[in-house]
Amino acid sequence: MTGTAPPLRRDAERNRQLLLRTAYELMAVRGLDVPYEDIARAAGTGMGTVYRRFPQRQDLLDALFSEHIDTVIDLAEQAARYDDAWAGLTWFLERQLEIEARSRGLGELLRSRHQATALVQRAHERMTPLVAELIARAVRAGQLPAGATPADFAAAHVMVGSVMDASRDFAPQLWRRALAVALAGLRHADLSGDPPDETVIDRLYNDQKK
């Protein structure tokens, strides 16, 4: 019969969506290293089903977080449309961190506290020019010191994210205070020294891998 998928195909897609929902819920609380055994148990499926749908963990992570990565990119693009560069930049960082606060797994993925995926690499590549232009506009407007770079904001993201991870279970809003401190410090920092080279952002994120 043409025009309709066979029942097995529909069942397989239902199982895939169930596994994705279950994995996302578990990783939002526990992080990216949730064992496949726990995902299968919580979803009520067998281990074979998990491995058929997602033979490699990277397959699972890309399927789980591609939509969320696109959301973060969209936020960066919205921030670029702000008339006030500093307002757009700080709005973007806060919205991004709010998403990470709701999902430990997404925060770990974006800060590469797991094997970096091509998905994350593309996200950084797409975001860096947007952030660089926001920074350049803020410098021209006198809202940031000359010499501010995307690596400085990557460092702020990593620092605030580390506070978020450390305090998630007992002070889940502490990251907001850390963000305010980091942004205030950056806005008034003396950045007269040599700027970091182009590899710093990749090293800053990827060298955190467990």
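**Note on salt bridges and a helix pair**

1. Glu-94, Arg-95, Glu-98 and Arg-176 are joined in a network of salt bridges. The model is a predicted one, and a search of the whole structure finds 10 salt bridges. Side chains of opposite charge can pair when their charged atoms come close.

2. In H5, the residues Trp-86, Thr-90, Leu-93, Glu-94, Leu-97, Glu-98 and Ala-101 meet Trp-175, Arg-176, Leu-179, Leu-183 and Arg-187 of H9. Sorted by class, the contact of H5 with H9 has seven nonpolar, one polar and four charged residues.

3. How do the two helices lie against each other? The axes of helix H5 (residues 85-102) and helix H9 (residues 174-187) come within 11 Å and cross at roughly 150 degrees. Angles over 145 degrees count as roughly antiparallel, which makes H5 roughly antiparallel to H9. The crossing in which H5 passes H9 is right-handed.

4. Another salt bridge pairs Arg-104 with Asp-169, whose closest N and O atoms are 3.3 Å apart. Arg-104 lies in helix H6 (residues 104-110) and Asp-169 in the loop between helix H8 (150-167) and H9, so the pair ties together parts that are 65 residues apart in sequence.

5. Asp-169, at 70% relative accessibility, counts as exposed, because exposed means over 50%.

6. Asp-70 and Arg-126 form a salt bridge as well, with the closest N and O atoms 3.7 Å apart. This pair links distant parts of the chain: Asp-70 is in helix H4 (residues 57-80) and Arg-126 in helix H7 (residues 118-140), 56 residues apart. With a relative accessibility of 45%, Asp-70 counts as partly exposed. Arg-126 is partly exposed too, its relative accessible area being 43%.

7. Which residue forms a salt bridge with Glu-133? The partner is Arg-140, and the closest N and O atoms of the pair are 3.4 Å apart. Glu-133 has a relative accessibility of 41% and so counts as partly exposed, whereas Arg-140, with a relative accessible area of 61%, is exposed.

Definitions and conventions:
Residues numbered from 1 in each chain as written. Predicted model: local features only at pLDDT ≥ 70, side-chain atom pairs only at ≥ 80, totals over all residues. Heavy atoms only, no water. Axes fitted to C-alpha atoms, helices over the stretch in contact; angles between N-to-C directions. Helix = DSSP H or I, 4+ residues; strand = E, 2+ residues; numbered from the N terminus. Parallel < 35°, antiparallel > 145°, perpendicular 65-115°, else oblique. Left-handed = near helix turned anticlockwise from the far one by under 90°. Contact = heavy atoms within 4.5 Å. Nonpolar A, V, L, I, M, F, W, Y, C, P; charged D, E, K, R; others polar. Salt bridge = Lys/Arg side-chain N within 4 Å of Asp/Glu carboxyl O. Buried < 20%, exposed > 50% of the residue type's maximum accessible area, 1.4 Å probe, protein only.
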